[in-house]
Amino acid sequence: MLLIKLATKSLLNRKASALLTLFTIAISVMLLMSIERVRVDAKSSFSNTISGTDLIVGARTGDIQLLLSSVFRIGHANNGVSWKSYQYISGQRGVKWAIPMSLGDSHKGLAVLGTNKDYFEHYRFAKKQSLSFSQGHEFNHLFEVVLGAEVASSLGYQLGDEVVIAHGMGNTSFHNHDDNPFKVVGILKPTGTPVDKTLHIPLAAIEAIHGGHAHQHEAAQADANDHDHDHDHDHDHDQHDDVDLVGTPKQITAFLLGFDSPLYTLQVRRNINQYKDEALLAIMPGVTLRELWEMLSIVEKILLLFSIVVVLISLLGMLTSLLSSLNQRRRELAILRSVGARPWHIFTLISVESLLITGLGCIVGIALFYALMLLGADYLQSHAGISLNIALLSSYELMLLAAIMVAGFIVGLIPATRAYFYSLADGMSIKI
């Protein structure tokens, strides 16, 4: 206890250098914990880019290719799914909801998704978070569009603006549908997923702009407007909108399925993969997302390596500080020797100092870590799609802290050993 008190007073006597070293360790601990937490939660969030969906069904292709085209809007689906097959499968026992998806059009390089209203009700991301609107509402008429957050912010669109859809994905659009502009009626809140970069239109609008059924659109819009003012027939109006906004397309790109019970998932998946009328593929998005992450595991390894380097640099900084302070402490250590302190006392004193600095640095670092997590959680969710789990330190994170404490103790042994041998050589002074 006496040595701990001496070590504390010695550190207080060298407040500037001690605080600088402590702050360096605290920053490194904060970075290590933050990178580790982001690394783990990024993997979890990537696996939950789409959540609450039991199956994704599309034309038979590779699992990852279907995932990339339907969820990430990357690549092109070689074939589609017939509307007849969609209706048959979505009507199977145990199917709670189904969301049709039609891709293939774009707007200024951004994907356009044709779907129905169930998309806004049942689509989930992160930890089963639902889509919500920052402005406006979901589409209610044929030529209305709901924008993802990044679409609206990057292109500067507001409610009421008109958007022209082009045929073709990405920047290789072949034909602009100038005769059928879409009115912006809703803007979604940021999700950090491909939803932010997507324009959502009614499924029936895809067929309308490609088939050129302008007269059908005008009749449907006039009828829908009549229903808007008929408050005594709300149920009929909902049914009318559902028919108008979905239509009967020949085929769609893919569709999402949710079941009443997980027990149906494997059974229906097997039936779809063996479907005789059409070559279809059903994938479980969570499983396929984890497979895709394994392909990108190099990113995870780089983050872990970066964390280790940060800690090593901070510990080397502490070592440099302790070694450089030995020369300044010649008088202090000589006085201790003159009043009876032995070389092993000097050794223990320096070791305790390094442990105190490391321990306090870890405590301050943990406090900074939680402050950073609380401040950055919303930003990471909305801009990177990473849902941070602000919870108590995991067993692995506690092991990392223990490893830092051990490393700090080992680093402190170097100046402690030098002080010990110098004390043996000259009991009244330390020659550096």
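Is Lys108 exposed or buried? Lys108 counts as exposed, at 61% relative accessibility (exposed means over 50% relative accessible area, buried under 20% and partly exposed in between, with a 1.4 Å probe and protein chains only). Keep in mind that this is a predicted model, where local features need pLDDT of at least 70 and side-chain atom pairs count only at pLDDT 80 or more, while totals for chains, interfaces and linings use all residues. Residues are numbered from 1 along each chain as its sequence is written, and side-chain values use heavy atoms, with hydrogens and water left out.

**Salt bridges**

- Side chains of opposite charge can pair when their charged atoms come close.
- You'll find two salt bridges here (a side-chain nitrogen of Lys or Arg within 4 Å of a carboxyl oxygen of Asp or Glu).
- One of them joins Arg37 to Glu397, with 2.8 Å between the closest N and O atoms. Arg37 sits in helix α2 (residues 15-47) and Glu397 in helix α15 (residues 395-425), so this pair ties together parts that are 360 residues apart in sequence. Helices (H or I, at least four residues) and strands (E, at least two) are DSSP runs, numbered from the N terminus.
- Arg37 and Glu397 are both buried.
- Lys117 pairs with Glu138, and their closest N and O atoms are 3.8 Å apart. That links distant parts of the chain, 21 residues apart: Lys117 is in the loop between β4 (110-115) and α5 (118-122), and Glu138 is in the loop between β7 (133-136) and β8 (144-147).
- Lys117 is partly exposed because its relative accessibility is 26%, and Glu138 is partly exposed at 25%.

**Empty space inside**

- Rolling a probe the size of a water molecule over the atoms shows where empty space is left.
- The structure has two cavities of 30 Å³ or more. On a 1 Å grid over the protein atoms alone, a cavity is a set of points where a 1.4 Å probe fits but cannot get out, and lining residues have an atom within 4 Å of a point.
- The largest cavity has a volume of about 90 Å³, a volume being the space filled by probe spheres set on the points.
- Among the residues lining the largest cavity are Gly58, Arg60, His76 and Thr253. The elements giving two or more residues to this lining are β1 (55-59) and α3 (63-70), and α3 gives the largest share, three residues.

**On the surface**

- Met295, Leu296, Ile298, Val299, Ile302 and Leu303 make up a nonpolar patch with about 550 Å² of accessible area together. Such a patch takes residues with over 30% relative accessible area and no salt bridge, with nonpolar side chains (Val, Leu, Ile, Met, Phe, Trp, Tyr) joined within 5 Å. Accessible areas come from the Shrake-Rupley method with a 1.4 Å probe.
- Helix α12 (residues 297-328) supplies the largest share of the patch, four residues.
- Val299 is in helix α12 and is partly exposed, at 44% relative accessibility.
- Asp378, in helix α14 (residues 343-384), is exposed, with a relative accessible area of 65%.

- Most residues other than glycine have a negative phi.
- Arg73 isn't a glycine, yet its phi is positive, about 60°. Arg73 is in the loop between α3 and β2 (81-82) and is buried, with a relative accessible area of 12%.
- Lys108 also has a positive phi, near 55°, and its place is in the loop between β3 (95-107) and β4.

Key:
On a 1 Å grid over the protein atoms alone, a cavity is a set of points where a 1.4 Å probe fits but cannot get out, and a pocket is an open set with protein on both sides within 12 Å along at least five of seven lines; lining residues have an atom within 4 Å of a point. Patches are made of residues with over 30% relative accessible area and no salt bridge: like charges are joined within 9 Å, nonpolar side chains (Val, Leu, Ile, Met, Phe, Trp, Tyr) within 5 Å.
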